[in-house]
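Here is a short tour of a metal site and of the packing around it. Have the model open while you read.

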Amino acid sequence: MFVDSHCHLGFPGLIEQYATIRADMRAADVGAALCICTTLEEFDQVHALALADENFWASAGVHPDSEGVREPSVADLLALAARPRVVALGETGLDYYRLNGRTVADMEWQRERFRVHIQAARLTGLPLVIHTRSASVDTLAILKEEGEDGSAGSVGGVFHCFTETAEVAKAALDLGFYISFSGILTFKNASDLREIAAWMPVDRMLIETDSPYLAPAPHRGKTNNPSLVPWVAKQIASLRQLSDSEVGAVTSANFDRLFKGVLN
Ligand SMILES: [Zn+2]
Ligand SMILES: [Zn+2]
């Protein structure tokens with residue numbers, strides 16, 4: 001069995017295909033998925049997916065790239081975290097990749113939004129779904145400043161769609177976080193990432209699609225969906241001399257441990 005730890009099933013392009021995707025997931029032995037929230041405005045739609053299907057779960061949070069949307073307070077996130085089938089806060093983090101003419105100093109609003117999510121995570125005990133792009137130094141520093149230092153009081157979470165260096169992977173693991181690989185792991189130019197997947201502990205790995213983006217090879221360039229997550233497992237299997245189903249089993253068990261017993 002495989003679990004997609006990060007998908008945007010409510011996005012245009014996927015939601016219209018819901019029935020087909022759900023059938024394809026069953027056929028591909030993808031037994032569960034975490035539906036990720038990127039704005040407060042979107043939450044009800046993401047949450048409805050989790051309420052309608054016992055194998056879907058939801059997060060609550062506002063993506064660092066979401067601009068012109070309602071800014072979440074800690075109280076907002078606590079209220080959403082208390083809803084049934086919400087098992088994570090995020091996706092949250094920092095993204096300095098598209099500054100659109102601004103400087104890193106101008107992105108204080110992103111850092112503040114990230115701190116709000118970490119504070120809510122610590123108050124609820126829910127793990128964090130971290131998005132970090134071109135911003136790993138600040139991402140790690142803020143996690144530590146807000147008490148996510150790998151100690152017993154940390155809530156932890158996952159660095160999703162991991163594309164950072166081995167040093168960042170080690171730092172994330174030291175903080176107690178999991179690392180999730182997307183279809184990028186199957187891309188020709190991702191040899192550095194495959195090296196990380198080859199050495200890091202398998203009991204801290206998750207797999208995801210981040211669909212509708214980043215379809216894994218041999219589907220690269222198409223619209224992604226959760227039924228394609230076994231292709232990421234297959235890549236890990238070849239790097240670790242495991243079978244696809246062994247990678248499915250271990251990453252599913254990791255998902256269940258991180259999100260506290262959610263699998264049926
Ligand atoms: Zn992301
Ligand atoms: Zn995402």
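Donors here are N, O and S atoms within 2.8 Å of the metal (3.2 Å for Na, K and Ca), and water is not among the atoms, so sites may look incomplete. This is a predicted model, where local features need pLDDT of at least 70, side-chain atom pairs count only at pLDDT 80 or more, and totals for chains, interfaces and linings use all residues. Residues are numbered from 1 along each chain as its sequence is written, and side-chain values use heavy atoms, with hydrogens and water left out.

Start with the zincs. Glutamate 91 bridges the zinc ion (ligand 1) and the zinc ion (ligand 2), and the two lie 3.4 Å apart. Glutamate 91 sits in strand β4 (residues 86–95) and histidine 160 in the loop between β6 (157–159) and α6 (166–174), so the pair ties together parts that are 69 residues apart in sequence. Strands are DSSP runs of E, at least two residues, and helices are runs of H or I, at least four, numbered from the N terminus. Ligand 1, a zinc ion, is held by Glu91 (OE), His131 (ND1) and His160 (NE2), at 2.0 to 2.1 Å.

Two of these residues are buried (under 20% relative accessible area, with exposed over 50% and partly exposed in between; 1.4 Å probe, protein chains only):

| Residue | Relative accessible area |
|---|---|
| Glutamate 91 | 1% |
| Histidine 160 | 5% |

Terms used. Chains lettered and ligands numbered in written order.
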